[in-house]
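I opened my notebook to record what I looked up in this structure, one entry at a time. The structure comes first, and my notes follow below.

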Amino acid sequence: MTVLEDIEIARKARLLSIEEVAQKLGIDENLLKKYGKHVAKIPHGYLKRLEGKPDGKLVIVTAITPTPAGEGKTTTSIGLSMAINRLGKNSIVTLREPSLGPVMGVKGGATGGGYSQVLPMEDINLHFTGDIHAVTSAHNLLSAMIDAHIKFGNPLNIDPTRIMWKRAMDMNDRALRNIVVGLGGTANGYPREDGFVITAASEVMAILCLAKDLKDLKERLGNIVIGRKRNGEPVKARDLEAQGAMAVLLKDAIDPNLVQTIENTPAFIHGGPFANIAHGTNSIVATKLALKLADYVVTETGFGADLGAEKFFDFVSPVGNFV
C-alpha cells in the first residue's frame, strides 16, 4: 500500500468554494473579502451583529511535552473538529497562522497532516493573507520611530542603552539576534546595540490576538513600553505617537481568516503568537466569532500545557470572557 505525502493528500481533496464554506455558517457572501477561491477574511465588526446569539462550547487541545517536530496538537484539533461534524453537530476549528521561521526550519508547516489538514496548505503555510507581514511592518515602524526620535533631538530623553524594543522579521536568522545599528555617520542615526525577534514573538502579534476591535488595538499598542528615559522612567509607544499609524497598518490583519479542512469543516486561522514568549493562541476575535457560529469550537494552545494552556486559563480566557 502506497502511503501518500501530506501534500499529495491535500491536492486530491475536493474543496468547496469559500462562498460555500461561508454559507454553511450563515455568513453573507457580501461580507467576504476574498483571497482567491478558497480563502477569505470576515470583518471583525461582524461579531457585533451576532451579540444576541448564544455561544457554543469551547474545546481546548493541549499536550504535555513540546518536541522539535511538534506534538500533533494542530492535527488533533483539526481531526476532532471534523469528527464532531460527522456526529451531526456544527463545529469550527480555530488555529494560529504558521510562522515562516518554523515552516522553513526543522518543524515544517503548521496545517496538520495526513487526512487531518486545513487547506489550501501552501497558501496558509506561506504568506496567506499577509497578516504576519502587517505585524512585521507595524513592529518595525515603531523601531524606526524610536531611532528617528533619538536622531532628531531626543526630546523624550530616551536612553539609547536602555531600549527594549528590537526589530522583527518572520524568519529564523540567528545572526540578527544581536546587532549594531546607526553606523555610517550622523546621517544614519545614533549607533547603538539592537537586534531582531521573530514576528511571532513580537508584542504586536500578542496584542493583535488579544484586541477586541480597532479601538482596543490602538489602546494596547499605545501601552507598549519601548525603553526608559535617562532618569529611569518608562517610555511608551504612545509617547512617540506611534499607536495610530501602527493600528492603520493592522486594519485588515485584525479580521479573521476563513478556510476549510480536508473534509470541508470551516476553520478560522488568525494570528500566531508563540506560547513560550507570548500566549500561544489564535486571536480572541476569531474564537469569539466561531463560538457564535458553531455548536463546538476546537482550538489549540501552543507548546506544552504549562505554557499555552496555562496562559489561556490565566489571561486569554478572562480577556475574552470565555466561560
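In what order do the three strands of the open sheet come, and is their pairing parallel or antiparallel? I was working with a predicted model, and in it I found the order β7-β12-β13 with antiparallel pairing. I noted that β7 (158-163) and β13 (234-236) are the edge strands, since each of them pairs on one side only. From one strand to the next, I read an average twist of 50 degrees.

**Entry on β12 and its neighbours**

I then followed strand β12, which covers residues 225-229 and is joined to β13 by three bridges, the two strands running antiparallel. Looking across this pair, I found R228 standing opposite P234 in β13.

**Entry on helices α8 and α9**

How do α8 and α9 run relative to each other? I looked up their axes, and for α8 (residues 203-210) and α9 (residues 214-222) they come within 9 Å and cross at roughly 150 degrees. Angles over 145 degrees count as roughly antiparallel, and α8 and α9 are therefore roughly antiparallel to each other. I recorded the crossing of α8 past α9 as right-handed. Where the two helices touch, V204, I207, L208 and L210 in α8 meet D216, L217, R220 and L221 in α9. Sorting the residues of this contact by class, I listed six nonpolar and two charged residues, with no polar ones.

P120 sits in the loop between β6 (116-119) and α6 (121-125).

I next marked F128, which is not a glycine and yet has a positive phi of about 50 degrees, and which lies in the loop between α6 and α7. Is F128 buried or exposed? Its relative accessibility is 15%, and because buried means under 20%, F128 counts as buried.

Key. Residues are numbered from 1 along each chain as its sequence is written. This is a predicted model: local features need pLDDT of at least 70, side-chain atom pairs count only at pLDDT 80 or more; totals for chains, interfaces and linings use all residues. Side-chain values use heavy atoms; hydrogens and water are left out. Axes are lines fitted to C-alpha atoms, for helices over the stretch in contact, and angles run from 0 to 180 degrees between N-to-C directions. Helices (H or I, at least four residues) and strands (E, at least two) are DSSP runs, numbered from the N terminus. Angles under 35 degrees count as roughly parallel, over 145 as roughly antiparallel, 65 to 115 as roughly perpendicular and the rest as oblique. A crossing is left-handed if the near helix is turned anticlockwise from the far one by less than a right angle, and right-handed if clockwise. Contact means heavy atoms within 4.5 Å. Ala, Val, Leu, Ile, Met, Phe, Trp, Tyr, Cys and Pro count as nonpolar, Asp, Glu, Lys and Arg as charged, and the others, Gly among them, as polar. Two strands pair if DSSP finds at least two bridges between them. Buried means under 20% relative accessible area, exposed over 50%, partly exposed in between (1.4 Å probe, protein chains only).
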